[in-house]
Amino acid sequence: MSREASRSAEQELTEKSESDRLIMESEREAKERNALLAGARSAWLLQNMDLNGDLRLETDSVYGAALALPQIARCTGWSKTYTLMALRSFCLLVLNLLLQTFLLAMLGEELQVWNKYGGKMNLCDFGRHLIDCPGSPNCQGPGGTDYDNPGRLYSFDAWVTRTYVRDSLLAIFPEQRDEIMDNVDPGEYGMESYACRIICLFLFMLSTIRDLSRTLEVFVLLWITPREGTWIKIEEESIAQAAKNGGAQLQLVTYKVDGMPLAWKVVNVVMIQAPKMLMWYCCIVAGCKFLLETSSIVDLIMNSMALGFILSVDEFLFQVLSSTAMKHIMTNLEDYEIKGGSLDALDLSAENAMKKYYQEEFGVRTWIQEPFLTMYHILPLRLMTSVMGTVLGLWMYYHFQCIQLEDGSMTSEDVYLPGYKHIRWISFLFEIEDDRKGPLVFSDSRVS
């Protein structure tokens, strides 16, 4: 009897273990199926989020405020409260454009005027192959001597000072010229790291791509939105419940990007988006040249980040000078919803959604069927744009500022003092070199 009872107990235990195992496997399979079903329902939406996402304004910038607040004021019949906020947004827009224009013009003046009066030549590739010197391209500095060792490499300010000391001694003691030339070495001016130069230029480009992307997004928004629409609404059914609480009643008001008359679209393009695009272009041109003329590693890293401040002045002014009411409206401004697109994956039954999921998401064919779309999801468009911008910036700098010698070295073009007496803001802003030339500042003797 005891043996039979023991066998019965063991059998019950085995059956219970098997039952528990089956239950656990069933639960695991259910979780796995649920995860796959969640993937089937969400994959299409996630894949197209970047391609077909809602369009938005810059809610943290004076550019976005200057576009949105007048439309809200228009929809409210130009009431005093909203009209004052719209006027304030335009004042901040004008102030921003003046400040950005001034900063970019000052940067251009530094590059086109004061650098030349300081005797500074274009950096080009001076000192690029310092480790391989002497005997390699770019081993001769602007002073006409070779980079014998890294100890002879100096920043421009240090090199000019050391050269001035040597030349002063030669002027005072001309009879000791040979002794001075042997013992007083001013060194040479050149870059400390070519790799850091390229990386910092790329980071600068990457920091400005967001502004370009947001500007182009608003252009698309102005193009596709209808010529009529309401930017402000309120839930009338809930007004009575929130009548006793002003804050709750304010929460019933909805601000949303919508259509606008054609005249307003033209005004926004001419007064807001075109100047913003112009500021971006001028910052890119001046910033590339400024960074490529920077020789020190520390200065390169600091300047690559600091130049982005010019394009962030609009956000700074909005945060500091806009009212609390303006910030409330812009913070709660909803995006413009793009109508259209297929939501078949959400409308299908679970079985059909899974079937569609396996057909479109698994297998080698799904990876090679649309190669450009696959690469788009792997390599961000902003990354590729930044790389192309970096290459273009380098090409423009070397093409317009440098001369290639027979041995492959890149030296500076002849540098002249400005041939004009009055400040030319347009030239400074757009980095346009004046044809009128003053006295010669630098010329490489190797250039025939």
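This is a short walk through one protein chain, from its overall make-up to single residues.

The model is predicted, so local features are reported only at pLDDT of at least 70 and side-chain atom pairs only at pLDDT 80 or more, while totals for chains, interfaces and linings use all residues. Residues are numbered from 1 along each chain as its sequence is written, and side-chain values use heavy atoms, with hydrogens and water left out.

Start with the whole chain. Its secondary structure comes to 18 helices and nine strands. Helices (H or I, at least four residues) and strands (E, at least two) are DSSP runs, numbered from the N terminus. Of the 448 residues, 39% count as buried. Buried means under 20% relative accessible area, exposed means over 50%, and partly exposed lies in between (1.4 Å probe, protein chains only). Contacts are counted where heavy atoms lie within 4.5 Å. Among contacts between residues at least 6 apart in sequence, 77% join residues at least 24 apart.

Now turn to helix α12, residues 324–331. Met326, Ile329 and Met330 are buried there. They cover an arc of only 95° around the axis, so they sit on the same side of α12. The arc is that of the directions from the helix axis to the C-beta atoms. Thr324 and Thr331 are exposed on the other side of α12. What do the buried residues of α12 pack against? Their partners are α2 (62–75), α3 (80–117), β4 (253–256), α11 (313–321) and β5 (333–334).

Leu92 gives a view from helix α3. Its relative accessibility is 8%, so Leu92 counts as buried. Leaving out residues up to four places away in sequence, Leu92 touches Val62, Leu317, Leu321, Ser322 and Met326. Met326 is one of the buried residues of α12. The C-alpha atoms of Leu92 and Tyr63 are separated by 8.8 Å, and these two residues are 29 residues apart along the chain.

Two packed helices are described by the angle between their axes and the distance between the axes. Axes are lines fitted to C-alpha atoms, for helices over the stretch in contact, and angles run from 0 to 180 degrees between N-to-C directions. Angles under 35 degrees count as roughly parallel, over 145 as roughly antiparallel, 65 to 115 as roughly perpendicular and the rest as oblique.

Take α2 and helix α8 (residues 262–292). Their axes come within 10 Å and cross at roughly 170°. That is why α2 is roughly antiparallel to α8. On α2, the contact uses Tyr63, Ala66, Leu67, Pro70, Gln71 and Arg74. On α8, it uses Trp264, Asn268, Ile272, Gln273, Lys276 and Met279. The contact of α2 with α8 has seven nonpolar, three polar and two charged residues. Here Ala, Val, Leu, Ile, Met, Phe, Trp, Tyr, Cys and Pro count as nonpolar, Asp, Glu, Lys and Arg as charged, and the others, Gly among them, as polar.

How do α8 and helix α17 (residues 381–401) pack? Their axes are 10 Å apart, at an angle of about 70°. So α8 is roughly perpendicular to α17. Cys288, Lys289 and Leu292 of α8 meet Gly393, Leu394, Tyr397 and Gln401 of α17. By class, the contact of α8 with α17 has four nonpolar, two polar and one charged residues.

Asp211 lies in helix α6 (residues 194–224). Setting aside its neighbours within four places in sequence, Asp211 is in contact with Lys276, Trp280 and Leu311. Asp211 is buried, with a relative accessible area of 7%.

The rings come next. The structure holds seven aromatic pairs. Rings of Phe, Tyr and Trp (its six-membered ring) pair if their centres lie within 6.5 Å; planes under 30 degrees apart count as stacked, over 60 as edge-to-face and the rest as tilted. One of the pairs is Trp114 with Tyr117, which is tilted, at 6.0 Å centre to centre and 40° between the planes. Trp114 and Tyr117 are three residues apart in helix α3, so about one helical turn separates them. Trp114 is partly exposed at 48% relative accessible area, and Tyr117 is partly exposed at 49%. Phe156, Trp159 and Tyr189 form one aromatic cluster.

Finish in the loop between α3 and β1 (153–154), where Cys124 is found. Most residues other than glycine have a negative phi. Phi of Cys124 is a positive value, near 50°. Cys124 is buried, with a relative accessible area of 0%. Asn138 is found in the loop between α3 and β1. Its phi is positive, about 60°. Asn138 is buried, with a relative accessible area of 3%.
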